Amino acid sequence: MPARYHLRFQLHPTPDAAERAAELASFCRESGVEEVVLLLAAEELYPGHPAGGVEDRLYDTAATATAVLRAAGLGVSLNPWVTLGHADRGRADRLGFAPMVGPDGTVATAQASPACPRFRAWITAHYARFAELDVRVLWLEDDFRYHNHAPLPWGGGFEPLMLERLAALAGEPVDRERAVAAVTAPGPPHPWRALLQQVWRTAQLEVAGEVAAAVAKASGGRARLGLMSSEPGVHSVEGRDWPALFDALAIDGEVWHRPHFARYSDAPGRELSFSVWMLEVQRALRPRHVRSAPEVENWPHTAWSKSDTQTWSELVAAQLAGSEALFLNLHPMQSGAAGRFPRVAELLRRSRPALDLLTGPAARTHGVTLPVRQDAAAHVRTRRGGDLAELAVDPGPAADHLLRYGVPVTAEDGPVRVLFGQLAWAYQDAELRRMLADGLLLDGTAAHILRARGFGELLGVTVEEVVERGAGGGAGGGAAGDPGPYALERVLTGEGAGAYLSVNLQPALARLRPAAGAETWTEILTPDHRFWGAGRCVFTNELGGRVAVTAATAVELLPHDDDGQRLLHAAVRYLEGDSPTLPLVTGGPHLIPHLTRTADGWRLAVANGSADPAHPRVHLPRGAVRAEGVLLRPLADPEPVEAAVTGRSVEVTEELPHRGWLLLDWR
């Protein structure tokens with residue numbers, strides 16, 4: 001079954017709409033597009049929430065284009081540009097909506113509060129009207145959220161209508177200043193944080209349900225709704241309940257998801273790790289019946305913003321995740337004339353052979369298990385207060401750290417888990433005890449939290465303190481005789497014994513003291529080589545669990561190098577114990593793996609996130625009987641390659657180019 005291209009494209013609401021729609025249909029035939037998602041009143045063509053004559057022109061344009069596109073054999077969906085509003089950008093409300101208000105009191109000029117009755121009446125009527133066109137899916141844009149509504153510094157949700165709801169739950173008057181202070185207060189979460197998240201969640205679910213009911217009625221139950229989402233960490237701050245939201249949007253049990261997973265403009269190849277883990281985490285958050293069409297967007301336009309090579313590599317990542325369609329936003333939003341961009345058609349034609357090879361339902365992934373909690377932000381303990389962004393946590397730092405070092409990850413449960421940072425607050429004691437009875441990789445922050453929660457004896461280390469760079473012992477500001485600032489990490493064991501790594505850019509470091517029975521693999525030194533604390537330790541605890549702890553608290557700021565990769569691979573093998581299952585990849589920087597189970601074995605896809613060509617080498621936990629390889633060069637036909645099995649490793653002789661993918665199947 002071939003890959004499905006769903007192309008988002010905006011037509012101008014002008015008299016030549018039919019002509020431009022015919023041009024668009026021709027473009028789709030030439031490039032293999034199965035469905036057009038008509039974009040309405042977007043970006044440069046957005047005057048504010050449309051109503052009256054403005055909405056009439058949009059409707060007429062959509063009706064005209066839908067007829068032309070359907071006659072050409074294409075499916076049609078619609079994507080109204082805004083729900084609450086993306087950003088003011090000089091626009092002003094003309095419909096009397098209650099505006100969004102930011103945590104600092106900034107009032108939006110064109111963005112509406114989801115608690116506003118007038119806005120709710122508008123959006124249900126707006127979507128119901130367009131549902132009469134009998135389109136397949138009506139999409140809700142990613143502005144259906146509380147964060148990221150410029151010029152509001154974080155987003156909205158602090159409008160009087162929202163504060164009234166919060167006051168009713170709190171049982172006392174609440175003003176914006178008190179609400180922000182309480183929600184972001186350092187230390188254990190204030191009860192108002194959960195209450196505000198309940199307020200936000202409830203308002204969002206109410207709107208979703210009203211829109212779904214209106215669309216179902218207007219379309220006779222034929223149209224469906226789809227939701228774009230952004231990064232899970234900020235959705236957690238909002239208190240989003242993913243299953244409940246998709247249930248509210250479902251019509252006859254069906255709903256679509258458009259997950260954000262790729263950068264909008266040129267990015268280093270190592271950012272493919274972001275694409276891999278974002279797809280995996282959002283797959284775990286949405287219910288299994290929800291259908292997925294990840295969005296690849298080149299913004300503001302074409303290959304001038306993002307190379308075709310990068311776009312292709314991200315499309316491959318989406319196909320590896322078992323996506324049912326690829327949601328493409330590749331033309332300038334303001335262009336209106338698809339035929340002026342033959343390079344986009346060429347990109348789609350040249351991409352298809354690799355993407356068709358990878359079609360199929362999502363397979364079970366395998367790897368180090370990531371901590372995925374939709375309610376993570378409810379448990380975060382802030383340090384500064386006053387900043388809602390401090391509540392946003394997700395497994396991204398851990399996932400990037402593992403993937404870029406050649407270690408596969410999964411959102412499914414497994415025997416080896418990683419738990420970094422504030423996510424250690426998000427689990428109940430019984431869940432943590434279960435993790436500690438298997439294999440668990442911790443950073444310094446998580447280890448410090450687990451000790452505070454009473455699990456210190458199971459860690460193999462005592463976390464004496466977490467020392468910030470500007471504090472005593474971290475910047476030479478301690479008492480006389482204290483060691484100076486942490487700077488170096490020296491390897492004590494294994495192949496890299498004697499090697500030095502840098503911890504000089506860590507904003508904070510956990511001072512670790514190994515317990516009896518723990519193995520110390522590295523030590524932290526000051527610039528003058530004085531001992532500061534243990535760096536990385538492993539330990540088998542009384543539960544039979546294996547624990548690895550690193551003193552680093554911001555792994556994303558650790559310089560990557562071969563010694564760091566060897567240490568991480570050794571830690572993963574230690575945590576696997578006597579039953580290893582994970583293939584580990586070496587052979588070049590930033591070789592990013594994606595591991596799935598097949599009917600009779602395994603498939604490992606490896607992307608080259610470096611600009612230099614690489615020769616991946618896959619280290620298997622056990623020997624393979626036979627391996628087959630396929631090389632996916634950017635924008636080229638798939639090429640079978642010989643995969644040589646030598647003992648417990650698999651190699652291919654062909655170079656893997658920048659952003660290319662290597663597929664290896666073995667039994």
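These legends accompany close-up views of a predicted model.

**View 1. Glutamate 295 in strand β10.**
Glutamate 295 belongs to β10, which covers residues 295–297. Its relative accessible area is 1%, so glutamate 295 is buried. The side chain of glutamate 295 meets the side chain of arginine 258 in a polar contact of 3.3 Å. Arg258 is also among the residues that glutamate 295 touches beyond four places in sequence.

Tryptophan 299 and proline 300 are joined by a cis peptide bond, with omega near 5 degrees. Proline 300 sits in the loop between β10 and α10 (302–305). Threonine 302 is part of helix α10. Its phi is near 45 degrees, a positive value in a residue other than glycine. Threonine 302 has a relative accessible area of 11%; the cut-off for buried is under 20%, so this residue is buried.

**View 2. The cis bond at proline 151.**
The peptide bond between alanine 150 and proline 151 is cis. Omega is about 10 degrees there. Proline 151 lies in the loop that runs between β6 (137–140) and α4 (160–170).

**View 3. Aspartate 134, with positive phi.**
Aspartate 134 is located in the loop between α3 (117–131) and β6. Phi is near 60 degrees at aspartate 134, a positive value in a residue other than glycine. Relative accessibility is 34%, so aspartate 134 counts as partly exposed.

**View 4. An open sheet of five strands.**
The strand order is β24-β25-β31-β27-β28, and the pairing is antiparallel. β24 (591–597) and β28 (639–641) are the edge strands, each pairing on one side only. From one strand to the next, the twist averages 20 degrees. Helix α9 (residues 272–285) packs on the sheet. The helix touches β24, β25 (602–608) and β31 (661–666). The direction of α9 makes about 25 degrees with that of β24.

**View 5. The pairing of β27 and β28.**
β27 spans residues 627–632. Three bridges link β27 to β28, in the antiparallel sense. Leucine 631 stands opposite glutamate 639, a residue of β28.

**View 6. Leucine 320 in helix α11.**
Helix α11 comprises residues 308–320, and leucine 320 lies in it. Leucine 320 has 13% relative accessibility and therefore counts as buried. Leaving aside neighbours within four places in sequence, the contacts of leucine 320 are Leu358, His594, Ala605, Trp661 and Leu663. Threonine 359 is 39 residues from leucine 320 in sequence. In space the two are 7.8 Å apart, C-alpha to C-alpha.

**View 7. Aspartate 60 in helix α2.**
Aspartate 60 is found in α2, a helix of residues 52–71. Its relative accessible area is 45%; exposed means over 50%, so aspartate 60 is partly exposed. Aspartate 60 and proline 13 are 47 residues apart in sequence. Their C-alpha atoms are 7.8 Å apart in space.

**View 8. The largest pocket.**
The largest pocket holds about 1100 Å³ of space. Its lining has 37 residues. Nearest the centre of the pocket lie Arg383, Gly421, Gln422, Thr445 and Thr553. Elements giving two or more residues to this lining are α7 (232–237), α13 (396–404), α15 (444–455) and β16 (461–468). Helix α15 provides the largest share, four residues.

**View 9. The largest cavity.**
Across the whole structure, a search finds nine cavities of 30 Å³ or more. The volume of the largest cavity is about 130 Å³. Sixteen residues line this cavity. Leu441, Arg536, Thr550, Leu568 and Ala571 lie nearest its centre. At least two lining residues come from each of β21 (531–540), β22 (546–550) and α16 (562–576).

Notes
Residues are numbered from 1 along each chain as its sequence is written. This is a predicted model: local features need pLDDT of at least 70, side-chain atom pairs count only at pLDDT 80 or more; totals for chains, interfaces and linings use all residues. Side-chain values use heavy atoms; hydrogens and water are left out. Buried means under 20% relative accessible area, exposed over 50%, partly exposed in between (1.4 Å probe, protein chains only). A polar contact is a pair of N or O atoms within 3.5 Å; within protein, one must be able to donate a hydrogen and the other to accept it, and residues adjacent in sequence count only if both atoms are side-chain atoms. Contact means heavy atoms within 4.5 Å. Two strands pair if DSSP finds at least two bridges between them. Axes are lines fitted to C-alpha atoms, for helices over the stretch in contact, and angles run from 0 to 180 degrees between N-to-C directions. On a 1 Å grid over the protein atoms alone, a cavity is a set of points where a 1.4 Å probe fits but cannot get out, and a pocket is an open set with protein on both sides within 12 Å along at least five of seven lines; lining residues have an atom within 4 Å of a point. Grid points are joined across faces, edges and corners, and a volume is the space filled by probe spheres set on the points.
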